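Dear colleague,

I am handing over the structure below. My notes on what was found in it follow.

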Amino acid sequence: MAESPDLSSPSLAGRTPLPPAGARRTAGWHWDTWEYRALQLAMLLSGLLLMVTVISVPLGLWEQVVFGVLCFLCAILLNRRPGRFVTLLLTFISLTVSSRYLYWRITETMQMDSSLDLFFGSGLIAAEVYAWLVLVLGFFQTIWPLERRPVALTMPVEDWPTVDIFIPTYNEPLKVVKPTVLAAMAMDWPLDKLRIHLLDDGRREEFRDFAEEVGIEWVIRSDNRHAKAGNINAALSHTDGEYVAIFDCDHIPTRSFLQMTLGWFYKDPKLAMLQTPHHFFSPDPFERNLDTFGNVPNEGELFYGLVQDGNDFWNATFFCGSCAVLRRDMLMAVGGVAVETVTEDAHTALKLHRKGWNTAYIGIPQAAGLATESLSAHVGQRIRWARGMAQIFRTDCPLWGKGLSWAQRLCYSNAMLHFFYGLPRLVFLTAPLAYLFFEAHVIHASAVMIAAMALPHLVHANLVNSRTQGKFRHSFWAEVYEAVLAWYIFRPTMLALIDPKAGSFNVTAKGGYIERDFFDWGIARPYVVLLSLNLIGFVVGVARLFWWNTHELDTVLLNMLWTIYNLVILGAAAAAASETRQVRKSHRVQFGIPARMETEDGRVWHVETEDFSEGGLRVRLPPGVMLEEQTAVTLALLRGDHAALFSARIVFRQGEHHGLRFDPMTLQQQMDLVEITFARADAWIDHAARHAPDRPFQALRQIVGLGVRGCAKVFGWKPKPPARPASKPAAPPAESTPVRA
């Protein structure tokens, strides 16, 4: 228990406390005057009136330029000051200039001269309306992240509830599943009230033998109907714990998971589900292929770092299928886990909310798992998510039906609309080609007027997003992620709107290997086609600039600049398809654990680990101490007064840094290792603090460099490699590549 987090510790201090029941929507508003409803309404109406006036007033070119410059200067000055009120002001400015741009586009730029202009122009304005809508809903959804803190259980231990832990599995190897089971067994919870169930839809004898060996339930069923949701529902039918905790089979929980989550169910009798983040200790395909692991927030961190906290403010937290606790009676009251769509988790949360029950989110990672190994697997997973959210939107649309507040309707709608970005993103990636190839004027206005109207919209939206999302997503990275997925998700989402039952459930593979470096031409084909089209378009633009359209130089230049930006984004997308070799058996996590190391000749050193994995770890010995490879040692990993002993051998050394590989371990040693490493209560708490803060210009330079790398890979030329920082000690070649938690 030595590392159990103190709920008043500095790592949790400063997080906004949850408001009293019934006051969730006004939480955190610390100005006394805002307690008066009439004044609130007057201020809101005044603000809306001012916004509508600014949006609709016509301005000439130079007046618009002055307006844009003044707004920008105001935003720059405000952005230097901390505080949520300043963030609200910046958001108000951004909404105003973005809405002004869209109003101008609809009212003054759609007078098309030809059917070709109308065709391409209509597609672009539709994409821009979609982007504006998602921007507005996104601002609303994350306007005031709740940052809920854990609540301690106050009743005697003997009165703590019974908890069923479900670990569903289908085709994952036992090596992936075993640490999750062992960590669940190590939870700080009364043993007579903790029941662990391995839900094996693969019906494998190896899993049955393992379950018998460790003393947990091996649960199977006669069929695999409804995939994971059906697996969980089958287990619900013959278990009776008051609460159910669900973990994907590769998500290793910490020892403190239940103590950090269950207190809220006693504070809020209407709480049906509490979700914690999905944290990954292995790099996803973007992080591995683009070499950004630990430096740039990954694709999912925006959702788990900001969006879910924003949802929590509106009582709209989504169930994410793993790392969550649910109250059994409420879950059973909605028929168990939803089976009507392939995103059973979000649909289940929607059903709970329709019943009038609450959900909650604690943004402190209490489990960690494996990310997808390849870009193709990653794309397949996102296709399933996109199709499932489109299915919900089609069959159980949150905009109508009973039981939801208006805020919940907007939060759910934004989550579902987000997955329809495929077609709009493709429009943005090809829009300048309409002019460069066909001389179609998709926006009927001069290029300088377009720039004067569009730049404030783009700059302010990026400024606010950088301020609010910077810890969880760096600038311009969303465009790369969407460019990678756009082609693949727009078809299933459109199909799901037409026929929600079309398609099948696919399981995301975990724990695999990539045996060699290669460029995945199959998955990259859409990016290569789009990249080639934009490159040809740029060449055509050069010809138009000097020979064909010399009377429209500003229009040609604007479309060429847009094409250059698309080339950068598509080049970075192509770079992500360059798969990097990954044949390690276990991923290493950087974490310091006190240890004692002893050689066979009696020499002893007190050290601290630099990283660890299931198969080995790395330590730094005192200056001047170097042990030969294959030296046998006994390692004692310390947790408080407890020491777990392991036999190991030196398999790597570089100066004072020594890599160790564990000898074959007993089951008890495997349990001790998981408990002291992955299952530590403080294992993942500070993971977000390791990222560098967002610096938009630095992020843009990074994306440009990746774009050049991707173009080089596709077209076969070799740019000069960028200078790299001084190298760190190399990782041991035996088990895995060191990664950050």
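In what handedness of crossing does helix 3 pass helix 17? The crossing is left-handed, a term used if the near helix is turned anticlockwise from the far one by less than a right angle, with right-handed used if clockwise.

Before the details, some ground rules. This is a predicted model, in which local features need pLDDT of at least 70, side-chain atom pairs count only at pLDDT 80 or more, and totals for chains, interfaces and linings use all residues. Residues are numbered from 1 along each chain as its sequence is written, and side-chain values use heavy atoms, with hydrogens and water left out.

Helix 3 and helix 17

Helices (H or I, at least four residues) and strands (E, at least two) are DSSP runs, numbered from the N terminus. Helix 3 covers residues 84–108 and packs against helix 17 at an angle of about 150°, the axes being 9 Å apart. Axes here are lines fitted to C-alpha atoms, for helices over the stretch in contact, and angles run from 0 to 180 degrees between N-to-C directions. That angle makes helix 3 roughly antiparallel to helix 17; the label applies over 145 degrees, while under 35 counts as roughly parallel, 65 to 115 as roughly perpendicular and the rest as oblique.

On the helix 3 side, the contact (heavy atoms within 4.5 Å) includes V86, L90, I93, V97, R100 and W104. Helix 17 contributes, among others, M449, I450, M453, H457, H460 and R467. By type, the residues of the contact of helix 3 with helix 17 are 14 nonpolar, seven polar and two charged. Ala, Val, Leu, Ile, Met, Phe, Trp, Tyr, Cys and Pro count as nonpolar, Asp, Glu, Lys and Arg as charged, and the others, Gly among them, as polar.

Helix 4 and its partners

Helix 3 also packs with helix 4, at about 160° and with axes 11 Å apart. The two are therefore roughly antiparallel, and their crossing is left-handed. Residues in this contact include S94, L102 and R105 of helix 3, and L124, E128 and W132 of helix 4. The contact of helix 3 with helix 4 divides into 11 nonpolar, five polar and two charged residues.

Helix 4 (residues 115–141) also comes within 10 Å of helix 16 (residues 422–438), axis to axis, and the axes cross at roughly 150°. Helix 4 and helix 16 are therefore roughly antiparallel to each other, and helix 4 passes helix 16 in a left-handed crossing. Among the residues that meet are F120, L124 and E128 in helix 4, and V427, F428 and F438 in helix 16. That contact has 12 nonpolar residues, one polar and one charged.

Cavities

A search of the whole structure finds three cavities of 30 Å³ or more. On a 1 Å grid over the protein atoms alone, a cavity is a set of points where a 1.4 Å probe fits but cannot get out, and lining residues have an atom within 4 Å of a point. Grid points are joined across faces, edges and corners, and a volume is the space filled by probe spheres set on the points.

The largest cavity has a volume of about 140 Å³. Its lining includes Y435, H441, I450, N559 and W562. Helix 17 (447–469) and helix 20 (553–576) each supply at least two lining residues, and helix 20 gives the largest share, four. The lining holds nine nonpolar residues, three polar and no charged.

Backbone

F476, not a glycine, has a positive phi of about 75° and sits in the loop between helix 17 and helix 18 (477–498).

Regards

Terms used
1 Å grid on protein atoms, 1.4 Å probe; cavity = no way out; pocket = protein on both sides within 12 Å on 5 of 7 lines; lining within 4 Å.
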